[in-house]
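Please take a moment with the sequence and the model shown here before reading on. The paragraphs below then lead through a few of its parts in turn.

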Amino acid sequence: MVDYELTINGASRTVATDPRRTLLAVLRDDLGLTGTKEGCGKGDCGSCVVVMDGLAVNSCLVYVGQADGAAITTVEGLASGDELHPLQRQFVDRWAFQCGFCTPGMLMTTYAFLGENAQPTPEEVRQAIAGNLCRCTNYRSIIEAVVAAAGERSPQ
Amino acid sequence: MTSVVGKPAARKGATEIATGKAQFTADLDFPGMLTGALLYATEAPARILRIDTAPARNLPGVFAVLTHDDIPGLNRYTYSHTEDQPLLVSELVQYPGDAIAAVAAVDEQTAQEALGAIDVVLEPIKGIFDPLEALRPEARQVWPDRPNLHEHLVIERGDIEAGFAAATVVVEGEYTTQLIEQAFLEPEGAVATIDVDGTIIVYASCQAPHRDRGQIARALGVFENQVRVITPYIGGAFGGKDEAHVQIHAALLASATGRPVKLIRSREESIRTHVKRHPIRIHYKTGAAEDGRLTAIHVAAIGDTGPYVNAGAEVMGVLAASAFGPYDVPNARIEASTVHTHNPICGAMRGFGIPQGTFACERQMDKLARELGIDPFEIRTRNGLETGATLPTGAVLREGRPMRACLEEAATLSRWHQRAEFARSPAPHLRRGWGVAANIFTVGLGRNTQDSAAVSLEMSADGTAILRTGAADMGQGAHTALAQVAAEELGIELDAVRVVAPDTDLTPDAGPSCASRATFLSGNATRRAAAAIGDSLVRAASRASGRPQDELTLRAGYVHAAGEQLVSVAEVAAVAKEANLPLHSDGFYAMEYPETLPDDAYQYAHQVFTFGTQVAQVLVDIQTGEVTVEELTVVQDAGRVINPGAAFGQLEGGAAMGIGYSLMEQLHTDAGRTINNTLESYLIPTSRDVPPMNVGLVEIPEPFAPFGAKGIGEATLTPTAPAVANAVADAVGISLDHLPLNPERVLAALAGGDPDRP
C-alpha cells in the first residue's frame with residue numbers, strides 16, 4: 001500500500017492503494033466516481049478517458065502512481081453545480097449519444113481538446129475523437145455538439 | 001395534429017448520462033458485495049474428464065465455487081426451444097464460450113486466483129468447422145443424438161420451373177457473409193442480491209428482463225415471483241443481450257453465498273461467449289423478363305449457427321421470409337438451412353438474418369439491371385411491392401407505398417441522375433462508382449409467436465404521470481418514444497411523464513426489446529392505457545364544464561372544446577381523483593392479424609414491414625484495394641416518426657454499422673476459437689471511418705401502429721452493404737459477392753483471383 005495525492009475535480013484526495021492498480025480502478029472502486037466507464041480495459045475504446053493535467057488519457061492505461069500529484073477531471077467534474085457544461089448541454093440537446101456508455105469518455109476527450117483548440121472545425125473534431133468508439137451513432141451528432149459547444153463560449 | 005409525438009425532445013435520462021450519474025450495471029455497489037467470475041473452457045470441443053474445485057474452495061477470500069452439481073434447478077439456458085446449452089458444462093464442451101465453473105470471492109484478484117486453482121482435465125475431441133462439410137452424410141456430428149442439419153426450412157409460392165422458363169434472363173450468384181460481433185460498448189454484466197424475504201434481485205444489462213426472470217427462476221428451482229430482474233442503464237446490445245449472459249450465474253452465486261455478487265465480463269470474454277451474426281452462404285438465382293420484371297427466384301441459404309441452437313433457426317427463418325426483397329416475385333422457392341458446427345454460436349444481431357439475405361438479393365438485382373441494360377433504380381421501381389401484393393410467405397402487404405417513396409427520395413437526395421457530372425476516374429489509380437440497394441424489413445416476431453406487450457400508466461392528481469414499462473431501452477430510445485406516446489394521448493407535456501425502467505416487480509411484461517418491436521407493441525399498449533385514463537379526464541372535464549364528453553379533447557396540457565382552451569389537464573386530474581374516477585390503467589397489446597392467410601402460408605409470416613433505400617458513392621483505389629465511401633444516402637420508411645432525434649440516431653447509427661459490415665468487420669476464428677477478441681483487433685468504425693450521410697425519412701402511417709409508427713432500429717444497416725458492393729462493382733466492373741470488401745479481397749478480385757478466399 002502506498003499513499004497517493006490526487007486532485008480530483010478540484011478536491012484534494014489521498015488514496016492508500018496498491019501501485020499496480022489503474023487510475024480507472026481507483027476512481028471507480030475507491031472514490032466511487034463511476035461516471036468513468038470501462039469498455040475494454042486495454043485503451044482501445046476510450047470509454048474511460050479522463051483529463052489528467054489538461055491531457056485526455058485512457059484511465060485504464062494509467063497506473064495510479066503515474067497520477068500521483070496530478071489534477072484529474074472526470075465527467076462528474078464537468079458541470080458547475082446544476083449548470084451543465086456547454087458540451088454536456090449540447091450532447092443532451094443534439095442526441096449525441098443513444099446508450100450513453102461512451103459519453104463520459106467522449107465528453108472528456110472533447111473537453112481536453114477544446115482546451116487546445118477553442119474553435120475547431122468539424123474535421124478537427126472528427127480527428128480528435130478518433131480514439132473514442134461509439135457503436136450507436138455515426139459520430140455526426142457528437143461532432144456537431146462539440147462544434148456548437150465551442151461556438152457558445154471560449155473554453156477554459 | 002400532434003403536440004408531442006413527432007416533436008424534438010431530449011432522450012429520457014440524457015442529463016444523467018451526460019453528468020456521469022446514470023448507473024450502468026457495473027456501477028452498482030452493495031455492502032459486502034463479492035466479485036463473481038466464470039471459468040471458461042480452454043479446449044473445445046472436448047470431453048470433461050475431471051473437475052476438482054477443492055483447491056479453489058480452500059483459498060482465503062473465496063466464498064463459493066460452483067459447478068454443474070451445484071445448480072439447484074435446471075442446468076440450461078431456456079431461451080431456445082431446443083434447450084441444449086448448459087449454464088455450467090458437465091460433460092461435453094462444445095465451444096470456448098462454455099463455462100465450467102463459477103466463483104465468488106472478495107475481490108477480482110482472488111476470484112481470478114480461484115479460477116486458476118480449479119483443476120479441470122479436458123480431453124479434446126475432433127471438431128467440425130465448415131458448415132458445408134458438416135452437411136455431408138459421413139460428417140462428424142456435433143451432437144450425438146441429432147443431425148448437424150438442425151432445420152431445413154422451405155418457403156414456396158407459385159411454380160419456379162415455369163417462372164424460370166418464362167424468363168428472358170437468368171442471373172445466378174453465390175454470396176457469402178462474415179461472422180459479426182455486436183461490439184456493444186458496455187460488456188455484459190449482472191449484480192445479484194438477496195432481498196430480506198429471500199427474493200433474488202438481479203440487476204442486468206439485458207434486452208428481455210421478463211424472459212430472464214423465467215430463466216433465473218428455472219435455474220434456481222424457484223417460482224418466477226421469487227425473482228426480480230431490474231435493468232439499470234444499458235450500454236448497447238444490438239441483439240447480443242437478448243439471451244441471458246451472466247445474470248443466471250450471478251443469481252446462482254448470490255443464492256449460494258447469501259451475499260451480493262457482481263459478475264462483469266471482460267471484453268475478451270464478451271467476444272468469446274455471446275452469439276454473433278451468422279456467416280451465411282447464399283446461392284441466389286433470379287429470372288426476369290425483357291422489361292426487368294421478375295419471373296422467379298430460387299434461394300438456398302446455409303447458415304453456420306455453431307453448436308447451440310439459440311435463435312439460429314429463427315434467424316434463418318427471418319432470412320427466408322425476407323430474401324425476396326421489397327419485390328413482387330410471382331414464383332419463389334427459398335430454402336434456409338440451419339447447420340451446427342463447432343464455430344461460435346450465432347443468433348440475434350441487429351438485422352436478424354435480413355442483412356445477409358438483402359446482400360444477396362440486391363447484388364442480384366444489380367446484375368439483372370446490368371444484364372438487361374436497365375437503370376438500377378428503374379428495375380427496383382418496376383418490381384416494387386404494392387399495397388395488396390401477396391408475398392412468398394403468403395402475407396398480404398397492407399401498406400406498400402413507402403417502397404417506391406423511399407426509392408424516389410433516395411434518388412433525389414443522392415442526385416442519382418446527376419452522377420455523370422462526377423469524374424469516373426478522378427486520378428489514375430482511383431475509380432468512382434455508385435450503387436443502390438433497397439430492402440424490406442419485418443417488424444415483430446411473426447404469426448403464431450408470443451408477441452405482446454403490457455404497460456402500466458398512472459396519473460396523479462397534479463396531472464403528472466408515471467409510465468411503468470418492462471421494455472428494455474438499450475439506447476434505441478424506446479422509453480422516450482413511449483413517454484411521448486403517453487404524453488400525446490393524455491394531453492400533457494412530455495416532461496410531465498416519468499418512465500420507470502424495467503423492474504419485473506413493478507413493470508409488466510413487455511416482451512423482449514428485439515425484432516424492431518418495442519415502439520410498435522409497447523407504443524400501442526401505452527396508447528390503450530392512456531386512452532383509459534383520458535376517458536376519466538374527459539368525464540371529469542365534462543362534469544366540471546357542463547360540455548358533452550364527445551366535444552372534449554386533451555392536448556398540450558389542456559382540455560379543449562371546439563378550438564377553445566377550457567381548463568388544464570392538471571385541474572381536471574384533481575377533479576377526477578376527487579370524483580373517484582380511475583387515473584390508472586394497464587395497457588395490453590398483442591400483434592394483430594385480422595387477415596386470414598392461405599393454408600400453405602409460412603406459419604411465422606410477418607404482417608408489418610418497413611422499407612428503405614440506400615445509395616453509396618465510392619472511390620476504389622485500384623493500387624491498394626481500399627474502398628472509400630464518399631457519401632451514403634440513407635432513406636428509411638418509419639411509418640411515423642415519434643422522436644426525430646432518436647430516429648435520425650437509429651438511421652445514422654445503423655448505417656454506420658452497415659459500413660462496418662461492408663468494409664471492415666469480421667470476427668476471425670481458428671478451429672472455432674475467436675481470435676480477434678479485442679476492440680483493437682475487431683475493428684468497428686471510428687469517427688474517421690464513417691462517410692458523410694444524407695438521411696431522409698419517409699412517413700406514410702402504418703395501419704395498426706401507434707400514430708402510424710414502426711420500428712426502424714434494425715432496418716437501416718441492411719441495405720448498406722449491398723449498396724456499397726454495387727457501387728464497387730460499378731466502379732471497377734468486377735463482381736464482389738463476399739463480405740467484407742476489405743482491400744485484400746478487392747485486390748484479389750482486381751487481379752482476377754478468387755475473391756471468395758477471405
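What follows is a walk through selected strands, sheets and helices.

This is a predicted model, in which local features need pLDDT of at least 70, side-chain atom pairs count only at pLDDT 80 or more, and totals for chains, interfaces and linings use all residues. Residues are numbered from 1 along each chain as its sequence is written, while chains are lettered from A and ligands numbered from 1 in the order in which they are written. Helices (H or I, at least four residues) and strands (E, at least two) are DSSP runs, numbered from the N terminus.

In chain A, five strands form an open sheet of mixed pairing in the order E2-E1-E5-E3-E4, where two strands pair if DSSP finds at least two bridges between them. Strand E2 (11-17) and strand E4 (55-58) of chain A stand at the edges with a single partner strand each, so one side of each is left without a neighbour in the sheet. From one strand to the next the twist averages 40 degrees; the axes behind such angles are lines fitted to C-alpha atoms, for helices over the stretch in contact, and angles run from 0 to 180 degrees between N-to-C directions. Strand E3 (residues 49-52) of chain A pairs with E4(A) in the antiparallel sense over four bridges, and Val49(A) stands opposite Asn58(A) in E4(A). Helix H3 (residues 103-116) of chain A packs on this sheet, touching E3 and E4 of chain A, and its direction makes about 30 degrees with that of E3(A); contact here requires that the C-beta atoms of two residues, placed from the backbone, lie within 7 Å.

Turning to chain B, strand E10 (residues 200-204) is mostly covered, as five of its five residues are buried. A residue is buried if 20 or more other C-beta atoms, placed from the backbone, lie within 10 Å of its own, exposed if 12 or fewer, and partly exposed in between. Both faces of E10(B) are covered, with Ile200(B), Val202(B) and Ala204(B) on one side and Ile201(B) and Tyr203(B) on the other. In a regular strand the side chains alternate between the two faces of the sheet.

E10(B) also has two pairing partners to follow. Strand E9 (residues 189-194) of chain B pairs with E10(B) in the antiparallel sense over five bridges, Ile194(B) standing opposite Ile200(B). These two strands form a hairpin with five residues between them, and in the turn Gly198(B) has a positive phi of about 90 degrees. With strand E11 (residues 227-230) of chain B, E10(B) pairs in the parallel sense over four bridges, and the bridge partner of Val202(B) in E11(B) is Val229(B).

Further along chain B, nine of the eleven residues of helix H7 (residues 247-257) are buried, so this helix is largely enclosed by the rest of the structure. Among the buried residues of H7(B) are Ile248(B), His249(B) and Leu252(B), and just after H7(B), Gly258(B) takes a positive phi of about 70 degrees.

Another open sheet of chain B has four strands in the order E19-E18-E17-E23, again with mixed pairing. Strand E19 (497-500) and strand E23 (584-590) of chain B stand at the edges, each with a single partner strand, so one side of each is left without a neighbour in the sheet. Strand E17 (residues 452-459) of chain B and strand E18 (residues 465-469) of chain B pair in the antiparallel sense over five bridges, with Glu458(B) opposite Ile466(B) in E18(B).
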